[in-house]
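Q: Here is a structure to read feature by feature. Where should the reading begin, and what do the terms mean?

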Amino acid sequence: MKKIEVNEQGVKEEVTLRASGMPYALAGAVFFLIAGTNSVCSLGSYIWPMVAAIIAFRIGKGIWKGTKTVREIEPDTGDAQCDALLKEAREALAAIRKTDDGIADEGVSQCIREIDQICRQILLKLEEQPELYSQLRTFLRYYLPTTRKILDNRALIEQRGTMDDENARAVCERTDRLLPEIRRAFQKQLDALNEHNYLDVEVEMDVLEGMMKGDGLAGGASAAATQTK
């Protein structure tokens with residue numbers, strides 16, 4: 001049996017469920033075992049073997065769940081550029097979620113989860129409305145990957161155990177200070193899509209870019225931003 005589901009990341013998946021044959025085999029074995037050890041001389045004498053087989057089948061269903069295959073459905077908006085952008089953004093967002101595994105600070109982790117939730121909604125809107133490509137191109141090809149880069153560095157510092165290093169600690173502090181601003185700017189991007197207020201969000205993102213550069217966290221991001229605008 002196949003069905004289409006939307007996972008926790010807001011991505012459509014094709015789920016294939018295949019039942020196991022073991023419950024049927026178990027029920028058959030129980031039926032013939034009981035029927036074979038008892039005198040079967042009338043239709044009524046089959047009742048107990050059948051009841052036992054049904055019970056065995058239900059137990060078997062609980063033990064052997066069958067197999068579940070999940071395949072992520074590629075974006076198919078009818079716009080090749082939009083599909084490519086969605087695919088890139090999904091990969092960046094998956095990497096951002098993964099950074100949460102390496103960060104111990106609960107406040108930072110909460111911020112990552114909220115950014116993830118906001119971005120999922122943005123990607124769903126783009127998938128439903130590919131005409132938003134021009135409004136979201138810079139956001140998804142610059143701000144999202146830059147956020148991924150910042151969080152990658154933050155998680156790497158913790159994984160290496162270099163939090164006692166002055167420079168590493170300074171990077172973490174700048175990242176932790178900037179993340180709530182990134183979350184707020186991303187929320188404004190989502191609000192802008194809901195309200196069709198694209199000019200205001202461009203100003204907000206320019207402010208965010210300035211903060212990233214000012215904290216020395218964005219690297220050579222301005223060139224990338226220029227290419228996608």
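A: Begin with a bend, taken as the angle between axes fitted to the seven residues ending at a residue and the seven starting there. Helix 6 bends by about 30° at Leu178, and the proline Pro180 follows within four residues. Helices are DSSP runs of H or I, at least four residues long, numbered from the N terminus. This is a predicted model, in which local features need pLDDT of at least 70 and side-chain atom pairs count only at pLDDT 80 or more, while totals for chains, interfaces and linings use all residues. Residues are numbered from 1 along each chain as its sequence is written, and side-chain values use heavy atoms, with hydrogens and water left out.

Q: What span should the 30 residues of helix 6 have?

A: The expected span is 1.5 Å times one less than the number of residues. For helix 6 (residues 166–195) that gives 44 Å, and its end C-alpha atoms are 44 Å apart, so the two agree.

Q: What is found at the start of helix 6, and which residue follows the helix?

A: A polar contact is a pair of N or O atoms within 3.5 Å; within protein, one must be able to donate a hydrogen and the other to accept it, and residues adjacent in sequence count only if both atoms are side-chain atoms. Here a side-chain oxygen of Asp165 comes within 3.1 Å of the backbone nitrogen of Asn167. After helix 6 comes His196, with a positive phi near 55°.

Q: Which residues of helix 6 are buried?

A: Buried means under 20% relative accessible area, exposed over 50%, and partly exposed in between (1.4 Å probe, protein chains only). The buried residues of helix 6 include Cys172, Leu178, Ile182, Phe186 and Leu193. Glu181 is partly exposed because its relative accessible area is 25%, and Arg184, at 40%, is partly exposed too.

Q: With which residue does Glu181 form a salt bridge?

A: A salt bridge is a side-chain nitrogen of Lys or Arg within 4 Å of a carboxyl oxygen of Asp or Glu. Glu181 pairs with Arg184, the closest N and O atoms being 3.0 Å apart. Both lie in helix 6, 3 residues apart, about one turn of the helix. Elsewhere, salt bridges with shared partners join Arg97, Asp116 and Arg120 into one network.

Q: How many salt bridges does the whole structure hold, and which residues pair with Arg113?

A: The search finds 11. Arg113 pairs with Asp100 at 3.6 Å between the closest N and O atoms. That pair links distant parts of the chain, from helix 4 (residues 106–128) to the loop between helix 3 (80–99) and helix 4. Arg113 also pairs with Glu106, at 2.5 Å. Asp100 is buried at 17% relative accessible area, whereas Arg113 is partly exposed at 33%.

Q: Which residues touch the most other members of the largest nonpolar core?

A: In soluble globular proteins, nonpolar side chains tend to be buried together. A nonpolar core is a set of buried Ala, Val, Leu, Ile, Met, Phe, Trp, Tyr and Cys residues joined through side-chain atoms within 4.5 Å. The largest one has 37 residues, and those touching the most other members are Leu126, Leu136, Leu140, Leu144, Ile182, Phe186 and Leu208. Its largest share, 10 residues, comes from helix 5. Helix 5 bends by about 30° at Leu140, and is followed by Gly161, whose phi is positive, near 70°.

Methods: Helix = DSSP H or I, 4+ residues; strand = E, 2+ residues; numbered from the N terminus.
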